[in-house]
Amino acid sequence: MTVAETVTWLTQDAFDRLKHELDDLIANRPVIAAEINARREEGDLRENGGYHAAREEQGKQEGRIRQLQELLRQAKVGEAPTESGIAQPGMVVTIRYDGDDEKETFLLATREEGSHGDLEVYSPSSPLGAALLEAKVGETREYATPNGRTMKVTLLDAVPYQS
């Protein structure tokens, strides 16, 4: 695996949901192509809004197909964690930044994993997410922010995500 390739951790549920979306998009390709052909038959393409809208829709759909194919190609499917107390992908973590009394709670997962929930999602490969991986409750970790500062964060809680 090259440095540019990253693994995307997904639960079996998330993998199945994304695979189903991909299959639906691929199955819908002939429908979009037929729509484009029907609109093309209407005449002058420069003034044919339906044709341009269908082409734009096709472009969006093809982009999503490529995104899903790449995501699923790099996916590593695992079981959602069931044990609390250690920060790992699929966990809802609560943290406190050093010198701050406020708590922050978020899902440690990929955007696709948490896209259907209300929680903020932080990637395990983000600076904060990577620093928290495998941290135990009560442990303090450091990470570098994009502006070069170092932040300290304490893990207060880590529980399995329930969708």
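**Exercise 1.** Classify Tyr122 by its relative accessibility, and then do likewise for Phe106.

*Solution.* Tyr122 has 22% relative accessibility and therefore counts as partly exposed, a class lying between buried (under 20% relative accessible area) and exposed (over 50%), with a 1.4 Å probe and protein chains only. Phe106, at 0%, counts as buried. The model is a predicted one, in which local features need pLDDT of at least 70 and side-chain atom pairs count only at pLDDT 80 or more, whereas totals for chains, interfaces and linings use all residues. Residues are numbered from 1 along each chain as its sequence is written, and side-chain values use heavy atoms, with hydrogens and water left out.

**Exercise 2.** Determine how the rings of Phe106 and Tyr122 are arranged.

*Solution.* Rings of Phe, Tyr and Trp (its six-membered ring) pair if their centres lie within 6.5 Å, with planes under 30 degrees apart counted as stacked, over 60 as edge-to-face and the rest as tilted. The centres of the Phe106 and Tyr122 rings are 4.2 Å apart and their planes stand at 45°, so the pair is tilted. Phe106 belongs to strand E4 and Tyr122 to strand E5, 16 residues apart, strands (E) being DSSP runs of at least two residues and helices (H or I) of at least four, numbered from the N terminus.

**Exercise 3.** Find which strands stand at the edges of the five-stranded sheet.

*Solution.* The open sheet has the order E5-E4-E3-E7-E6, with mixed pairing, where two strands pair if DSSP finds at least two bridges between them. Strand E5 (121-122) and strand E6 (140-144) each have a single partner strand, so one side of each is left without a neighbour in the sheet. Further inside that order, E3 and E7 pair in the antiparallel sense over seven bridges, and Val93 stands opposite Ala158 in E7.
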